[in-house]
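Work through the exercises below with the coordinates open. Try each task before reading its solution.

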Amino acid sequence: FDKLKSPDERVKMKLVHVDGESLGTGVATTIVDASVEECAAHEITNLNSRAKMNNLKQRGITELTVRQTNSHSLYYFTTRTLGVPGLSNRQGRNKVIWKWEGRKAFIDVSNTSDLMEEHPLQPSTVVVSVKTFWHYAPLNSIGDVPQTSATLTTQIDFKGAIPSTLMNKLAPKFLSTISKLRKKFDKSKEIEAFNRLKII
């Protein structure tokens, strides 16, 4: 793994990619000031939240479809531009499944060929291969503030010759989801206040 420059100093990012290859694997880790349940629920509901829908263009997403199938899974289809002239748009066709094991939570995002008739592939669009896995594990609380170790691992095959410079630019965008999660629940002030009281 090579370390990536993370846009968030409290999030560690790293990437495996061979120059010119289309496959890259990125890992991001952080500690979130929230419970495991809050972290998992936020990520699932955020897939098609109003804030995310308003931010699609900044992430290069030109089309997004989310369809829930039951209380533990949904379909998630995206079409995006890579921002490079001459490269075709990429479409991700994924099924998202989430589960709890004891006090830990997991979210699995895998490729699917379902709903091809209802949601056909657009002309001149390339289907990418995406495998993403979220892992949430509880840590000891700091005062009244719960702590969760969050790890995001994502493997994306863009299906084409992708230079490392572009992959290094794209990877932090895909991994930045974990930074948004951390900032959403950030309780640094409460933790600092608790630590000061301990010192006193």
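**Exercise 1: a salt bridge across the sequence**

Arg67 has a relative accessibility of 38% and counts as partly exposed. The model is predicted.

Task: Find which residue's side chain meets that of Arg67 in a salt bridge, and state which parts of the chain the pair ties together.

Solution. 
1. Look for a carboxyl oxygen of Asp or Glu within 4 Å of a side-chain nitrogen.
2. Glu118 qualifies: the N to O distance to Arg67 is 2.4 Å.
3. Arg67 lies in strand β4 (residues 61-70), and Glu118 in the loop between β7 (104-111) and β8, so the bridge ties together parts 51 residues apart in sequence.
4. Check the partner's accessibility. Glu118 counts as exposed, at 53%.

**Exercise 2: further salt bridges**

Task: Determine how many salt bridges a search of the whole structure finds. Then describe the pairs Lys131 with Asp108 and Lys99 with Glu101.

Solution. 
1. The search of the whole structure gives six salt bridges.
2. Lys131 and Asp108 meet through their side chains at 2.6 Å, N to O. This pair links distant parts of the chain: Lys131 belongs to strand β9 (residues 129-142) and Asp108 to strand β7, 23 residues apart.
3. Lys131 is partly exposed, with a relative accessible area of 38%.
4. Lys99 and Glu101 form a salt bridge at 3.1 Å, N to O. Lys99 is partly exposed at 42%. Glu101 is partly exposed at 45%.
5. Salt bridges also link Asp8, Arg10, Arg182 and Asp186 in a network.

**Exercise 3: a nonpolar patch**

Task: Name the residues that make the nonpolar surface patch of about 220 Å². Explain why Val127 passes the accessibility cut-off for a patch.

Solution. 
1. The patch is made by Met116, Leu121 and Val127.
2. Patch residues need over 30% relative accessible area. Val127 has 34%, so Val127 passes.
3. Val127 sits in strand β8 (residues 126-127).

**Exercise 4: the whole chain**

Solution.

Note on methods: Residues numbered from 1 in each chain as written. Predicted model: local features only at pLDDT ≥ 70, side-chain atom pairs only at ≥ 80, totals over all residues. Heavy atoms only, no water. Patch = residues over 30% accessible without salt bridge, like charges linked within 9 Å, V, L, I, M, F, W, Y side chains within 5 Å. Areas by Shrake-Rupley, 256 points an atom, 1.4 Å probe, with all protein chains shown as cover. Helix = DSSP H or I, 4+ residues; strand = E, 2+ residues; numbered from the N terminus. Buried < 20%, exposed > 50% of the residue type's maximum accessible area, 1.4 Å probe, protein only.
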